[in-house]
Structures are given as C-alpha cells and as structure tokens.
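Reader: I have a structure open and would like to go through some of its contacts. Can we take it piece by piece?

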Amino acid sequence: MDYPELDHEEGLDPQDWAAMRELGHHMVDDMMSYLETVRERPVWQPIPAEVKAHFQQPVPTEAQGAAQAYAEFTAQILPYPLGNIHPRFWGWVIGTGTPLGVLAEMLAATMNPNVGGGEHIANYVEAQVLDWCKQMLGYPAEASGILVSGGSMANLVGLTVARNTMAGFDLREQGLQATTRKLVLYGSVEMHSSVQKAVELLGLGNAALRKIPVNADFEIEIAALETAIAADKAAGYQPFCIVGNAGTVNTGAIDDLSQLADICQREGLWYHVDGAFGALAALSPALRPRLAGMERADSLAFDLHKWMYMPYEVGCTLVRNAEDHRRAFSLTPAYLTHGERGMAAGSLWFSDYGIQLSRGFRALKVWMSIKEHGLDKYARIIEQNVAQCRYLTALVEATPELELLAPTALNIVCFRYVAAGMSDEQLNALNHELLIQLQEAGIAAPSSTTLNGRFAIRVANTNQRSRREDFDLLVREVVRFGKTLAATSRDE
Ligand SMILES: *Cc1c(COP(=O)(O)O)cnc(C)c1O
C-alpha cells in the first residue's frame with residue numbers, strides 16, 4: 001500500500017522542545033515582571049494608529065515561528081490593555097486577576113480537558129468548586145450548579161431554568177408558541193442589561209420584563225412591585241419570576257432580598273438573584289447580613305472574575321432544585337450516551353446543566369486560587385475594598401468641589417466635580433470631559449454612569465491591588481482637572 005502523503009507526517013508540537021521550553025521560561029519571567037511592576041505604568045494609554053494597523057495583516061500562510069509571535073505580542077499587544085490589572089482601575093465592574101491565576105490557566109491549557117462530560121478528573125474539580133461556592137454563599141448543599149463564562153451567561157442559565165420550570169407546560173418541546181398566556185417577570189430599573197438580553201434570548205421579549213422603580217437608595221420599591229404583580233394577574237398575564245439584585249451595577253445597591261423571597265413564596269414565583277459581584281460580599285461575616293435572603297433564591301448568578309479576582313472568564317449559576325436544572329438542559333443523543341464504565345461513565349456531565357457541550361477547565365484556576373489564599377483572605381480583601389469605598393466617600397464628602405451622587409452601599413462610589421454657578425447640563429459636560437482626561441492621562445480609570453440625569457464619575461472597586469493612597473490621588477487629580485476645566489469654561 002502506497003500512501004506518499006504519509007511519508008512526512010507532521011504535527012503541531014515543536015521540533016525543538018528545548019527552544020520551546022526556553023521561550024516558555026522567558027514568558028513566565030516576563031509576565032511575572034509585568035505584574036510586579038504594573039503600578040509603575042499608566043493605567044491606560046491610547047493605541048497608536050500604526051499599532052492598530054498591525055492587526056489588519058492578511059492571514060499568514062507560512063510559518064513565522066513561536067518566537068516571532070511572542071515578540072509581536074510583547075511589542076504590539078502587551079502595552080495596550082484596558083488597564084484592569086492596574087491598582088487604579090475602577091471602571092465598570094472588572095476584576096484584576098492574580099499571578100497564580102495566570103499559571104493555573106497554563107496548567108489547565110496543558111491538560112486541555114473538555115469538561116462537557118466523561119469520566120475524568122476535571123469534572124470532579126469543578127464539582128468541588130461548585131460545592132465550595134455553595135458553602136461560600138450559604139447556599140444549600142443539594143443544589144446543582146455550573147461554571148459559565150460570566151454573569152451574563154449565569155443569568156441566562158438561571159432564567160432558562162426559571163422559564164422552563166414555571167411555564168406549566170413542556171416548553172422545551174412546544175416552545176412559547178404553545179401558550180397564549182404571556183409569561184412576565186420583574187426586577188428593578190437598576191437591573192443589569194444582561195438580564196434583558198437573557199429575557200430577549202429566551203423569546204419572552206423585553207416587554208415581558210417589568211422594570212419596577214427604585215427608592216432613594218436605588219433598591220426596588222416593594223409596594224410598586226406588589227402592585228405590578230397584582231395588575232398583571234388581573235390582566236391575565238402569567239407572572240413567573242422575580243429578579244433580585246445583590247449589588248446593582250450603577251451604585252452597588254442591594255434589594256431587600258428577604259422581602260423579595262417572601263413575595264416569591266407567597267405568589268408562587270421563581271426567585272432569581274443576580275449577584276454578579278455583590279453575592280461575594282457574603283464571604284465577609286460583617287457584610288453577609290446585608291445579603292440575607294439571597295440564600296433563598298431558586299437560582300443564583302454570580303461572577304468569580306469580578307470580586308474573586310480570578311482571571312477571565314469564570315462565572316457561576318447555582319440552582320436550588322438540581323432536577324429543575326437538569327430538566328432544562330439535558331439532551332443525550334446516541335453519540336453522547338453516558339456509560340456505566342470506561343471513559344463515558346460518571347454522572348458528572350456538565351453539558352446536561354448548561355448551553356455549552358465542549359467546555360474549558362475554568363474550575364482549575366478557582367480551585368488553585370482558593371487553595372492558595374484560603375477564603376479568609378478573600379473575605380478580608382472584599383472588606384478592604386468596601387472600606388476603601390467608605391474612605392473615598394468620606395473624602396468626597398469632605399471636599400467642597402466634589403458631590404456624592406448616590407449612597408455608597410458596598411463597593412461603588414458615584415460622585416462628580418461641582419463648581420458654583422454651573423447648571424446640571426454644564427456639569428455633565430465638564431465631568432464627562434474630566435473623566436476622559438483622567439483616563440487619557442493614564443492616572444486613574446473610573447468609568448461613568450448617569451444618575452437622576454446627572455453624569456457621575458463611578459468608581460467600582462473589585463481591585464485587589466488598590467491602596468488607600470490611590471484614592472487620595474484620585475480625589476486630588478479630579479479636583480485638579482476639574483478646576484482647570486471649570487476655569488476654561490468660565491473664560492469661554
Ligand atoms: C457584570 C455584571 C453582569 C454581567 O456579568 P459578565 O460577567 O460581565 O457577563 C450582570 N449583572 C451585574 C450586576 C454585573 O455587575
């Protein structure tokens with residue numbers, strides 16, 4: 001038999017393992033130095049046009065080599081991050097990561113398991129991580145769960161289980177077309193956009209998501225919620241779920257999670273809690289009482305890449321009733337038959353609990369990080385972030401040129417620069433410009449939001465590298481930039 005094409009078989013492993021090993025050592029050295037010196041660099045810098053142009057080259061057909069790829073990485077990629085590993089990055093809600101997280105990602109990629117199912121150890125690691133998450137958040141041990149890409153996916157998974165379980169008919173088989181009774185669900189106007197995305201993806205339509213007003217602390221108005229549920233019932237709708245916020249993205253507000261649980265119980269509704277970052281406050285004995293009621297959720301969504309400082313991506317959904325969870329996703333064609341023995345054995349098929357079939361080994365970085373530091377350390381740093389935000393709040397309140405725009409509930413501070421005689425509209429423009437200048441100068445990176453029509457500089461602290469002096473500097477610089485801007489606008 002003649003197979004000339006097999007005379008020179010190839011693979012993707014290096015020809016020269018020693019060279020690859022040396023390159024790897026270099027990478028580890030470079031990356032640890034990069035992390036060690038992060039404080040010395042600007043938070044952010046604009047990407048030059050020629051660097052952007054570098055990423056418009058045609059796809060390489062010829063080998064350029066690993067060393068060349070790494071050289072371009074260090075020159076053209078590494079210097080231009082968003083900045084979220086920096087001690088003065090507080091934009092949106094983005095975590096910092098850790099050095100061991102970096103190495104754990106390498107170990108996971110080395111084993112390269114597909115954690116969709118089968119009898120191999122990665123599934124057991126994930127199951128352990130899920131058990132730890134339940135213990136961390138005071139959630140029942142019998143609950144099921146799955147690691148997902150992040151809070152958005154965690155909300156989608158939880159709300160899928162909610163919709164399918166509460167529909168009252170075989171929704172997977174018949175789809176929403178089978179019913180003329182419209183399913184509706186509730187949450188506050190401060191809900192994260194990912195909840196709306198999930199509701200849209202679930203075919204319910206954004207109109208089915210009733211957005212209930214909030215009180216002065218940006219927490220859901222319970223009376224308004226109860227009125228809305230009663231009105232929907234009277235009008236023939238089918239309320240099926242309430243979404244509670246454990247830490248809203250704008251201000252960190254925590255809904256009254258116990259009262260929401262009571263209402264769900266009384267009205268027979270599914271209780272989903274979006275705790276993307278706020279749920280992790282439960283690690284702190286001091287903060288945990290603020291989340292009372294969260295443990296009663298039927299499904300709970302949260303991130304580990306935000307307030308647990310794990311490298312992207314990793315979030316989690318926990319579901320109180322494991323059977324509900326499984327029923328929403330399990331699908332086993334012949335080619336996925338779960339065996340009794342051999343490689344296809346084992347009851348841990350995570351593909352039965354989520355949307356992905358092929359899944360990465362997200363659990364390893366979580367498992368290793370929690371082992372590295374222990375939960376108490378995480379609790380202390382979460383408390384430290386909250387204390388830093390209280391400190392910043394006090395600085396803002398003590399600075400006549402600054403105005404706090406929302407109560408600081410947890411780890412988010414919203415404020416603005418103010419100058420006498422300027423209208424809200426002028427202040428909005430000034431603060432917008434101020435924020436951009438602060439970012440462009442690479443000094444600090446808050447983001448923004450609008451609260452009651454006012455543009456707010458928004459500091460969300462899920463940063464394990466920030467120190468008190470970083471907040472001193474922020475306030476100093478905001479005042480400095482603000483004064484210059486206010487002076488220019490007066491001259492105009
Ligand atoms: C960040 C966030 C989400 C979305 O999580 P991702 O990990 O970004 O997908 C959902 N809800 C809240 C409150 C968040 O802060």
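Reader: Which side chain does the side chain of Asp352 make a polar contact with?
Author: The model is a predicted one. In it, the Asp352 side chain makes a polar contact with the side chain of His338, at 2.9 Å.

Reader: Where is Asp352 found?
Author: Asp352 is in the loop between helix H11 (322–329) and helix H12 (362–373).

Reader: Buried or exposed?
Author: Asp352 has a relative accessible area of 1%. The cut-off for buried is under 20%, so Asp352 is buried.

Reader: What else is Asp352 in contact with, leaving aside neighbours within four places in sequence?
Author: With those neighbours left aside, the contacts of Asp352 are His325, Arg326, Phe329, Ser330, Leu331, Thr332 and His338.

Reader: Change of topic, the ligand. Which residues come nearest?
Author: There are 14 residues around the ligand, and Gly151, Ser152, Asp274, Asp303 and Lys306 come nearest.

Reader: What lies 2.8 Å from an oxygen atom of the ligand?
Author: A polar side-chain atom of His305 does. A polar backbone atom of Gly151 is also 2.8 Å from a ligand oxygen.

Reader: And a nitrogen atom of the ligand, which side chain is 2.7 Å from that?
Author: That is Asp274, through an N or O atom of its side chain.

Reader: How much of the ligand's accessible area does the protein cover?
Author: The protein covers 85% of the 380 Å² that the ligand has on its own.

Reader: Now the rings. How many aromatic pairs does the count come to?
Author: Five aromatic pairs. One of them is Phe277 with Trp307, with ring centres 6.4 Å apart and planes at 65°. Planes over 60 degrees apart count as edge-to-face, so that is what this pair is.

Reader: Where do Phe277 and Trp307 sit in the chain?
Author: Phe277 is in the loop between strand E6 (270–274) and strand E7 (299–303), and Trp307 is in the loop between E7 and strand E8 (315–319). They are 30 residues apart, and the pair links distant parts of the chain. Both residues are buried.

Reader: Which charged end sits over the ring of Tyr237?
Author: The one of Arg210, 4.7 Å from the ring centre. Likewise, Arg468 lies over the face of Tyr391, with 4.9 Å to the ring centre.

Reader: Back to Trp307. Which residues does Thr462 touch, not counting those up to four places away in sequence?
Author: Trp307 is among them, along with Val93, Ile94, Gly95, Thr96, Lys306, Tyr309, Asn385 and Asn411. The Thr462 side chain also reaches the backbone oxygen of Ile94 at 2.9 Å.

Reader: How far apart are Thr462 and Asn411 in space?
Author: They are 7.4 Å apart, C-alpha to C-alpha, and 51 residues apart in sequence. Thr462 itself is in the loop between strand E12 (454–460) and helix H15 (468–491).

Reader: Why does Thr462 count as buried?
Author: Because its relative accessibility is 1%, and buried means under 20%.

Reader: Last one, Ile412. Where is its place?
Author: Ile412 is in strand E10, residues 412–417. At 2% relative accessibility, Ile412 counts as buried. Leaving aside neighbours within four places in sequence, its contacts include Phe277, Cys389 and Arg458.

Notes:
Residues numbered from 1 in each chain as written. Predicted model: local features only at pLDDT ≥ 70, side-chain atom pairs only at ≥ 80, totals over all residues. Heavy atoms only, no water. Phe/Tyr/Trp six-rings, centres within 6.5 Å; stacked < 30°, edge-to-face > 60°. Helix = DSSP H or I, 4+ residues; strand = E, 2+ residues; numbered from the N terminus. Buried < 20%, exposed > 50% of the residue type's maximum accessible area, 1.4 Å probe, protein only. Lys NZ or Arg CZ within 6 Å of the ring centre and 35° of its normal. Near = heavy atom within 4 Å. Polar contact = N/O pair within 3.5 Å; in protein donor to acceptor, adjacent residues only side chain to side chain. Areas by Shrake-Rupley, 256 points an atom, 1.4 Å probe, with all protein chains shown as cover. Contact = heavy atoms within 4.5 Å.
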